[in-house]
Amino acid sequence: MLGNNIALSEKDLKYVVLIIDGAAGWPLASKEGRTSLELACTPNLDAMAREGSTGMARTVPPGMEPSSACACMSLLGYNPQQYRLGRAAIEAGSMGIDIYEDEVVFRCNMITEREGRMYDYCAGHIRSDESRELVSALENVLGGDDIHFYPGVNYRHICKIRGHGETLEASCTPPHDVPDQIIKDYLPRGRGSALLRDLMWRSVVVLGGHPVNKARVSRGALPANMIWLFWGSGRLPDVPSFQDVYGLSAAVTSGVDVIRGMARVMGMGVLDIAGVTDGMDNDFSGQGAGALGALNEYDLVVVHVEAPDESGHGGSVEDKVAAIERVDADIVGKMLDWAAGELRVLVMPDHPTPVELRTHTADPVPFLLWGEGFHANGAGRLTENEAKGTGLLVDPGYEIMSRLVGM
């Protein structure tokens, strides 16, 4: 059950939810059994952990896919088993794509295929301007009355299909789950899969010789030479607004469409902060400053940072640790300076993205609640082991929001 809309406090408190996407992980054998969170130097988070309440939360219910859509829905205080928001539909909504009766949408990644294998799930993090040209070519050649392609951010795009609802029955595998695997072994399968497989194979012909890819290869970049369709979904169900449920006006900053789309579904504002991206080129400092500035207008701001997750998918311990450290220095540090006793904060990953696995898991994640009303419970850092050591477990994870806002 979601909480009821009740008065929270006589004081004019403000709230920040900091989602360090995919920051949790497994002990790394190459790093003496330490996780990325343990390897990172995070003096600001350490200070908050010593003063606040730390524990573990199960954001992915048993049997559900450990996607950011599911995990972030829990983190934001909604039961993902009750409100099943298809990820492709969320992203489509963020992009302004309407989904009508008899229409379905699929996430359409640009990937790099090499010798029949999944060489790179994101085509070397192709730029949005380049991928827009490639999506336009797909629309011109493969699109029609019943099939349309829409450009998104970097390698993430949308394919909308009309009159083929059976495609939602196909069993699809996310590309980041099959690094360096033989592609044909992981193509969509089962009822409704034929059309999806046909589009994916035909995209090779469209993209392979495209001038954008020729230019990328000439400068040593990976070509985006195939599409990968997955995370299919239909129209979104009605979801109560965050303000109706929790009594707070809220806004989100994120570099990815799925989080921005989820915010719109929940009736939250979406902050347009220059320099916010999904990778290490993110303007961490600008994102933190912009989010805190928005507290002049909103009661609660969600700061979603994608870079640790992308680094985990890429298998880079160094980048993942660096991303966590940037969050601590450029975002958490600003929160501590701003707080002045009038801020409550929730910091946590949505799900783990173990570097050695290069995809998500459904394991519980560490969280930190800091500010008025939260007291030290024995942790000295925001890490998996420190959080487990407190003995505090929030399960189901969607109850974490009620703890933050005092319901």
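1. Two strands are said to pair if DSSP finds at least two bridges between them.

2. Some ground rules apply to this note. This is a predicted model, in which local features need pLDDT of at least 70, side-chain atom pairs count only at pLDDT 80 or more, and totals for chains, interfaces and linings use all residues. Residues are numbered from 1 along each chain as its sequence is written, and side-chain values use heavy atoms, with hydrogens and water left out.

3. The protein has 14 helices and 13 strands. Helices (H or I, at least four residues) and strands (E, at least two) are DSSP runs, numbered from the N terminus. The radius of gyration is 21 Å, close to the 22 Å that the globule rule gives for 407 residues, so the protein is as compact as a globular protein of that length. That radius is taken over C-alpha atoms, and the rule is 2.2 Å times the number of residues to the power 0.38. The C-alpha trace spans about 60 × 50 × 35 Å along its principal axes.

4. Buried residues make up 57% of the 407 residues. Buried means under 20% relative accessible area, exposed means over 50%, and partly exposed lies in between (1.4 Å probe, protein chains only). Among contacts between residues at least 6 apart in sequence, 75% join residues at least 24 apart; a contact means heavy atoms within 4.5 Å.

5. An open sheet is formed by 8 strands in the order S9-S8-S10-S1-S11-S12-S2-S13, with mixed pairing. Its edge strands are S9 (269–270) and S13 (393–394), each of which pairs on one side only.

6. Strand S1 (residues 14–20) has 7 of its 7 residues buried, so it is largely enclosed by the rest of the structure. In a regular strand the side chains alternate between the two faces of the sheet. On one side of S1 the buried residues are Lys-14, Val-16, Leu-18 and Ile-20, and on the other they are Tyr-15, Val-17 and Ile-19.

7. S1 runs parallel to S10 (residues 300–305), with 6 bridges between them, and Tyr-15 stands opposite Leu-300. S1 also pairs with S11 (residues 343–348) in the parallel sense over 6 bridges, where the bridge partner of Ile-19 is Met-348.

8. Helix H3 (residues 68–75) has 8 of its 8 residues buried, so it is largely enclosed by the rest of the structure. Among these buried residues are Cys-70, Cys-72 and Met-73. The buried residues of H3 pack against S1, S11, helix H4 (87–94), helix H9 (257–265) and helix H14 (400–405). Just after H3, Gly-77 takes a positive phi of about 95°.

9. Is Asp-283 buried or partly exposed? Asp-283 is partly exposed, with a relative accessible area of 33%. This residue is found in the loop between S9 and helix H10 (284–293). Not counting residues up to four places away in sequence, Asp-283 touches Ala-274 and Gly-275. Asp-283 and Arg-191 are 92 residues apart in sequence and 44 Å apart in space, C-alpha to C-alpha.
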